[in-house]
Amino acid sequence: MQDVGCKWYGRTSLLSFILLSFSLLLVACAAPEPTAVSQVAPTSTVAVLAPADTATPFPTQGPPATLTPIPTITPSPTNTPTPTPTFTPTPSPTPTKTACDQRIPPQDDLLVIVSQEFGLSRAYEPADLVPIGPHFSRDITLGYPTMVREDVLDPLVNMVNTMLDAGLEPYIISGYRSYATQDATYNKWLNLEPDRADILSARPGHSEHQLGTTVDFGSYRLHDYIDDSFDEKLQFHTYFYKTPEGEWLQNNAHLYGFTLSYPRSAQEVTGFYYEPWHFRYVGVGNATALLEGGTSLTEYLLNQDPEPCLN
Ligand SMILES: [Zn+2]
């Protein structure tokens, strides 16, 4: 594999660190109101919508619209015993110019760009999907028939077991989602919130979950951090990042090859709201380089000038 990231990373690491620091300062100063973002989970019993302007994380502390939670995500690159970050695979998102909704990525490319612009074919389904059920207790899988690509299974099992050993209480909400499932999910959101559907849920073909390398995590302690008014079945809320499980993932997921796809600081680049629960497997070297470089996967891949697709 050609190493293209070392050079990129080396030249920009200091600047990135400064920019990251500045970004965090900006976020701290001008963070948007906490957004309760719920998604339609694999079963229909858990989706509860709480629009941003109704979120009331601390009902006794003033109007919700002015709440500006200070991000607690402050990874300290110098204290993290990580391997030298390198981008191992050379991204080649599309071998030929293809319609945005017809792309079929090569199986061995973990760095396929999937974004609001770059989509996947309805026909694309990874060939090596495996169920995670046999590897976890029902407390972790919630009984869902979740699948991921084979390469993701071991890192996922190792990571979750490490979390459990540390006394954390994570669970797995979803992994692979087919085009058809995403279509149904998106359409539910379109009915619930027509104006915000595109940023709350990926359109079919534009979800990283279709790659089979992406996992949404939950925390059994989420409701300790959000308002009582939320449905007890709510699984997705921006305050996931405040839970011990969310905090641990932000600081350690890269050690197992997972990257946070939609960080708060990258909302404009990714086109999605902050999703502190949504992690994509890209390999340890790549995930570490992204975290330490302070950049999102989408931003990195766009900077590689991916082959434009035809709209
Ligand atoms: Zn997700």
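## Strand E4

Strand E4 is mostly covered, with six of its six residues buried. A residue counts as buried if 20 or more other C-beta atoms lie within 10 Å of its own, as exposed if 12 or fewer do, and as partly exposed in between, with C-beta atoms placed from the backbone. Helices (H or I, at least four residues) and strands (E, at least two) are DSSP runs, numbered from the N terminus. Thr-214, Asp-216 and Gly-218 point one way from E4, whereas Val-215, Phe-217 and Ser-219 point the other way.

## Basis and confidence

This is a predicted model, in which local features need pLDDT of at least 70 and side-chain atom pairs count only at pLDDT 80 or more, while totals for chains, interfaces and linings use all residues. Residues are numbered from 1 along each chain as its sequence is written.

The protein chain has an average pLDDT (the predictor's confidence in each residue, from 0 to 100) of 77, and 69% of the residues score at least 70. Over residues 1-84 the pLDDT is below 50, although this stretch has 121 contacts in the model beyond near neighbours in sequence. Two residues are in contact if their C-beta atoms, placed from the backbone, lie within 7 Å. Where pLDDT is low, the predicted coordinates should not be read in detail.

## The sheet around E4

E4 belongs to an open sheet of four strands in the order E3-E4-E6-E5, with antiparallel pairing. The edge strands are E3 and strand E5 (258-260), each of which pairs on one side only. Neighbouring strands of this sheet are turned by 40° against each other on average, direction ignored. Two strands pair if DSSP finds at least two bridges between them.

Strand E3 (residues 170-174) is joined to E4 by four bridges, and Ile-172 stands opposite Phe-217 in E4. Three bridges join E4 to strand E6 (residues 278-281), where Phe-279 is the bridge partner of Val-215. Helix H6 (residues 244-252) lies across E3, E4, E5 and E6, running at about 145° to E4. Axes are lines fitted to C-alpha atoms, for helices over the stretch in contact, and angles run from 0 to 180 degrees between N-to-C directions.

The largest nonpolar core has 48 residues, of which Val-148, Leu-156, Met-159, Ala-253, Phe-258 and Phe-279 touch the most other members. Such a core is a set of buried Ala, Val, Leu, Ile, Met, Phe, Trp, Tyr and Cys residues joined through C-beta atoms within 7 Å. Among the elements that give two or more residues to this core are helix H3 (150-165), E4 and H8; H3 gives the most, with six residues. Not counting residues up to four places away in sequence, Leu-156 touches Ile-132, Val-148 and Val-215.

Helix H8 (residues 284-293) has nine of its ten residues buried, so it is largely enclosed by the rest of the structure. Gly-294, which follows H8, has a positive phi near 65°.

Gly-205 lies in the loop between helix H5 (197-200) and strand E4 (214-219). Gly-205 is buried, with 21 other C-beta atoms within 10 Å. Leaving aside neighbours within four places in sequence, Gly-205 is in contact with Asp-101, Gly-119, Leu-120, Arg-122 and Tyr-179. Gly-205 and Tyr-179 are 26 residues apart along the chain, yet their C-alpha atoms are separated by 5.7 Å.
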